[in-house]
Amino acid sequence: MRIDLTIRAAALFGVLAAAPVAAQEVLAPPVAPAAPEAPAAAGSRIGLSGLTVRKGQVVDGDVVSVGDVRVDGEVTGDVTVGKGDLHVGPDAVIHGDAVVNGGGRLLNEGGRIEGEMRVNSDPEPAAAAGHTPGRQAVGIRGARSWLGSFSDGVQGLISTLVFGLVLAGVGAALIFYALPQLERVSHVARTSTLRAGGVGLAANFLSFPAFIVGIVVLALSIVGIPLLFLYVPFFPVALVGAIACGVVAVAHALGERTAERTGSYESSKRNAYSYTFTGLGILLAPLVVGHLLEMTVFLGWLGGLMQLLGWMMMWAAATVGFGAVFLTRAGTRPGWPWTVRRAYDPFFDADRRGAETARGAHV
């Protein structure tokens, strides 16, 4: 019995001794989880369809992308965007430059950009370090819109004047060396406008196929292969020359019609030079007015409409003139009887007694 009591007392003592330890393990506070480590710095990133630098992420290098880019983290280098927008978040930090190309925008929502901000490779930076967040380089481009519009108008005006001088030179050469042929083409363009326009309109669609067919025919024949070296450059040159002569002939017809309406058609000052230059001025007037209006910002839309009207008039003159050149075989044949008023150049030949008229003749 004494031994049984001794065993029970020892067991009770062991239980009481282990109770504080168990209680301590139960009442001990839970261990807090370890804090997540900061994301490791990534090297330079290149994206082909846009990319994003997340908040807390560090890019140890440059960011280059084709497409939209959003930066909410930190970039130690430059950020370059092509064909897209650059969004800079309020917590973003870019230690280098922020460059947007291809017509995109730079949208700063309050982030810090220590380098320069450039949009469309503008020569001057849009903002430097310490400038007010949110400023965009697009504002500089808008401020330069008036100067750009004026520059475009001046360049267009100069190109139009050069184009007019070239046509005037072609017209003067035709009057001096081939006045009868020029008058034949001008007469057909004036009296058979619809027919000449139809032929010229068909030539707009058939000239290139005819050029290709000629190349194929010459290439398939043994004799024609050497002629390819002449045909390939000659065809486009001849086509452009025919169009230029047709435009001059239409200008001659316009000037002649204008002289008739003003009552100076039968005056002693009548000559082919005044007709041609007057007609060219009429054809080029809408283009000149359009470029003058383009120099302003608020009338740029009207200048665009005037330029469109001018090019439509030039296309119509080229179409009708080319058809007249084709119908008259470059002015060598009228195709039907018509009246030749004069066979001399009054600009160089002031003696009217030497003039020979061939009214009613089939030239």
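Helix 5 and helix 6 make a right-handed crossing. This is a predicted model, and that pair is a handy place to start. Helix 5 covers residues 193–220, and helix 6 runs over residues 228–262. Their axes sit 10 Å apart, at an angle of about 165°. Angles over 145 degrees count as roughly antiparallel, so helix 5 and helix 6 are roughly antiparallel to each other.

What do the two helices bring to this contact? From helix 5 come Ser207, Ala210, Phe211, Gly214, Ile215, Leu218 and Ala219, and from helix 6 come Leu228, Tyr231, Val232, Phe235, Pro236 and Leu239. Sorted by class, that makes eleven nonpolar residues, two polar ones and no charged ones.

Now follow helix 6 on to its contact with helix 4, which spans residues 179–191. Here the axes are 8 Å apart and the packing angle is about 70°, so helix 4 and helix 6 are roughly perpendicular to each other. Helix 4 puts in Leu182, Glu183, Val185, Ser186, Ala189 and Arg190, while helix 6 answers with Val248, Ala249, Val250, His252, Ala253, Glu256, Arg257 and Glu260. Charge does turn up in this contact: the tally is seven nonpolar, two polar and five charged residues.

Helix 4 also meets helix 8, residues 300–327. The two axes come within 9 Å and cross at roughly 120°, so this pair is oblique. The crossing of helix 4 with helix 8 is right-handed. On the helix 4 side you'll find Val185, Val188 and Ala189, and on the helix 8 side Val320, Gly321, Ala324, Val325 and Leu327. Val185 and Ala189 are also listed for helix 4 in its contact with helix 6. The contact of helix 4 with helix 8 holds seven nonpolar residues, one polar residue and no charged ones.

The largest pocket holds about 180 Å³. Which residues line it? They are Val199, Ala202, Ala203, Leu206, Ser207, Ala242, Phe322, Val325, Phe326, Arg329 and Ala330. Helix 5 and helix 8 are the elements that give two or more residues to this lining, and helix 5 has the largest share, with five. By class, the lining has nine nonpolar residues, one polar and one charged.

Ser207 belongs to the helix 5 side of the contact with helix 6, and Val325 belongs to the helix 8 side of the contact with helix 4.

Methods. Residues numbered from 1 in each chain as written. Predicted model: local features only at pLDDT ≥ 70, side-chain atom pairs only at ≥ 80, totals over all residues. Heavy atoms only, no water. Axes fitted to C-alpha atoms, helices over the stretch in contact; angles between N-to-C directions. Helix = DSSP H or I, 4+ residues; strand = E, 2+ residues; numbered from the N terminus. Parallel < 35°, antiparallel > 145°, perpendicular 65-115°, else oblique. Contact = heavy atoms within 4.5 Å. Nonpolar A, V, L, I, M, F, W, Y, C, P; charged D, E, K, R; others polar. Left-handed = near helix turned anticlockwise from the far one by under 90°. 1 Å grid on protein atoms, 1.4 Å probe; cavity = no way out; pocket = protein on both sides within 12 Å on 5 of 7 lines; lining within 4 Å. Points joined across faces, edges and corners; volume = space filled by probe spheres on them.
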